[in-house]
Amino acid sequence: MKLTFLGTGTSTGVPSIGCECETCLSEDARDKRLRVSILVEHGGQTVLVDTSSDFRQQALRQRIRWLDAILITHCHADHIFGLDDIRPLNFRHGSLGVYANERAWKDIRRIFQYIFEPSYIGGGLPQVIPHTVEAGASFCVGPDLLVTPLEVIHGRLPVVAYRFNDFAYATDLSEIPPATIAGLRGLDVLVLDCLRFRPHPTHLWLERALSYISEIKPRRAYLTHLAHDVLHARDSAKLPDGVEFAYDNLVISDE
Ligand SMILES: [Zn+2]
Ligand SMILES: [Zn+2]
């Protein structure tokens with residue numbers, strides 16, 4: 001299993017436009033965060049989680065040539081607005097399976113109505129094969145990448161966290177229901193939402209993220225969806241052993 005962080009920033013990205021704080025002015029590459037997304041590679045399969053607003057840039061930077069599936073956590077702008085940019089992959093390789101929960105599909109079909117109810121001929125539309133996921137209903141991508149969707153709560157919105165064998169990715173959440181805690185047992189790697197140090201109504205902040213990590217007990221944990229409050233080099237010292245701030249282009253592997 002190989003997990004690549006394509007983006008680790010909150011919805012505005014870091015640096016934030018017009019901001020002159022220490023993080024936004026930082027020269028450290030680990031403080032430059034595109035919108036959150038990961039790439040998971042296992043058993044010859046490549047899976048993208050979320051088509052972020054920065055997808056085009058992320059795909060070029062990572063030299064993505066093909067995807068076997070796209071998994072969507074939820075339909076907020078920072079997670080979905082790159083969907084139109086899958087077209088070059090479609091042109092060369094055909095339609096792409098996109099997985100999301102029912103609530104997200106409702107919003108995706110409205111926001112990207114031109115994809116699902118095209119009003120003109122030609123112009124090169126994204127070619128999407130929609131799949132609806134349900135919490136706990138695992139499916140396989142290729143022969144040995146088992147994907148288990150799990151439900152987390154983002155304010156009041158149900159969001160999908162994804163487990164890949166013994167790796168899991170849970171972003172944009174303020175609460176992890178007990179059934180999902182149970183589904184996250186025995187992990188090697190947990191990637192978890194952690195917006196900043198101060199509380200927030202729809203995201204985890206450091207104290208809450210660490211308390212979930214001590215409950216779930218993954219072998220390693222990486223914090224993502226980071227705002228400009230987090231200055232990587234300075235703030236990494238605040239984390240316990242086995243927990244790190246993720247950063248763009250970080251690769252985690254069990255091989
Ligand atoms: Zn987000
Ligand atoms: Zn969100």
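Keep in mind that the model is predicted. The largest nonpolar core takes in 28 residues, and another core, of 27 residues, lies apart from it. The largest pocket comes in at about 230 Å³.

**The largest core**
- Within this core, the residues touching the most other members are Ile176, Leu192, Ile216 and Leu223.

**A look at Ile216**
- Setting aside neighbours within four places in sequence, Ile216 is in contact with Ile176, Ile181, Leu184, Leu187 and Leu190, plus Arg185.
- Ile176, one of those partners, is also listed with Ile216 among the core members that touch the most others.

**The other core**
- Among the 27 residues of this separate core are Tyr99, Phe139, Val141 and Leu145.

**The largest pocket**
- Its lining is made up of Phe55, Arg56, Ala59, Leu60, Arg63, Ile64, Arg65, Asp85, Pro88, Leu89 and Arg92.
- Two helices, H1 (55-61) and H3 (87-93), each put in at least two lining residues.
- H1 has the largest share of the lining, at four residues.
- The charged residues include Arg56, Arg63 and Asp85.

Conventions
Residues are numbered from 1 along each chain as its sequence is written. Chains are lettered from A and ligands numbered from 1 in the order in which they are written. This is a predicted model: local features need pLDDT of at least 70, side-chain atom pairs count only at pLDDT 80 or more; totals for chains, interfaces and linings use all residues. Side-chain values use heavy atoms; hydrogens and water are left out. A nonpolar core is a set of buried Ala, Val, Leu, Ile, Met, Phe, Trp, Tyr and Cys residues joined through side-chain atoms within 4.5 Å. Buried means under 20% relative accessible area, exposed over 50%, partly exposed in between (1.4 Å probe, protein chains only). Contact means heavy atoms within 4.5 Å. On a 1 Å grid over the protein atoms alone, a cavity is a set of points where a 1.4 Å probe fits but cannot get out, and a pocket is an open set with protein on both sides within 12 Å along at least five of seven lines; lining residues have an atom within 4 Å of a point. Grid points are joined across faces, edges and corners, and a volume is the space filled by probe spheres set on the points.
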